[in-house]
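Good morning, colleagues. I would like to take a few minutes to walk through the structure on the next slide.

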Amino acid sequence: MAGKAGYQSLTDDNWVALPSLLADIKEGKLAPAIFLAARIMAKRNNLAGAMQLVSKIDPNDPEAGPAATGQLA
């Protein structure tokens, strides 16, 4: 049961974030969606996949680049 509770919390958090995430995607800002997908992959013990996703963020992106670079270090 503990696993399901953790999954529910992650799902609820993602649902709350969805409207702003979709607005970002519509504006061409993909980094927030990539970070969220990577977070989900990491929670599912797929660290290699999460890092591969984060590596797709342009390191020169003024907002997301430093965070992505830091995550990959």
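Let me begin with Lys29. Lys29 forms a salt bridge with Glu27, and the closest N and O atoms of the pair are 3.4 Å apart. Glu27, for its part, has a relative accessibility of 56% and therefore counts as exposed. The structure holds one salt bridge, and this is the pair that forms it. Please keep in mind throughout that we are looking at a predicted model.

Let me now step back to the overall architecture. The protein has four helices and zero strands, and along the sequence the pattern reads α-α-α-α. Of the 73 residues in the protein, 19% are buried. The protein exposes about 5400 Å², and 61% of that area is supplied by carbon and sulfur atoms.

I turn next to the surface. Which residues make the nonpolar surface patch of about 260 Å²? They are Leu22, Ile25 and Leu30. Leu22 is found in helix H1, which covers residues 2–26. With a relative accessible area of 48%, Leu22 is partly exposed.

The next topic is the packing of two helices. Helix H2 spans residues 31–43 and helix H3 spans residues 47–54. Their axes are 7 Å apart and meet at an angle of about 170 degrees. Angles over 145 degrees count as roughly antiparallel, and H2 and H3 are therefore roughly antiparallel to each other. Which residues of H2 and H3 meet? From H2 the list is Ile34, Phe35, Ala37, Ala38, Met41 and Ala42. From H3 it is Leu47, Gly49, Ala50, Leu53 and Val54.

Between these two helices there is a residue that deserves a comment on its backbone. Asn45 is placed in the loop between H2 and H3. Although Asn45 is not a glycine, it has a positive phi of about 65 degrees. Is Asn45 buried or exposed? At 70% relative accessibility, Asn45 counts as exposed, because the exposed class begins over 50%.

Which residues does Ala31 contact, leaving aside its neighbours within four places in sequence? The partners are Ile57 and Ala64. A further distance concerns Ala31 and Ala67, which are 36 residues apart along the chain. The C-alpha atoms of Ala31 and Ala67 are separated by 10.0 Å.

Gly70 is found in helix H4, which covers residues 65–72. With a relative accessible area of 46%, Gly70 is partly exposed. Gly70 and Pro59 are eleven residues apart along the chain, and 9.8 Å separates their C-alpha atoms.

To close, I would return to two points. This predicted model has four helices and zero strands, and H2 and H3 are roughly antiparallel to each other. Thank you for your attention.

Terms used. Residues numbered from 1 in each chain as written. Predicted model: local features only at pLDDT ≥ 70, side-chain atom pairs only at ≥ 80, totals over all residues. Heavy atoms only, no water. Salt bridge = Lys/Arg side-chain N within 4 Å of Asp/Glu carboxyl O. Buried < 20%, exposed > 50% of the residue type's maximum accessible area, 1.4 Å probe, protein only. Patch = residues over 30% accessible without salt bridge, like charges linked within 9 Å, V, L, I, M, F, W, Y side chains within 5 Å. Areas by Shrake-Rupley, 256 points an atom, 1.4 Å probe, with all protein chains shown as cover. Axes fitted to C-alpha atoms, helices over the stretch in contact; angles between N-to-C directions. Parallel < 35°, antiparallel > 145°, perpendicular 65-115°, else oblique. Contact = heavy atoms within 4.5 Å.
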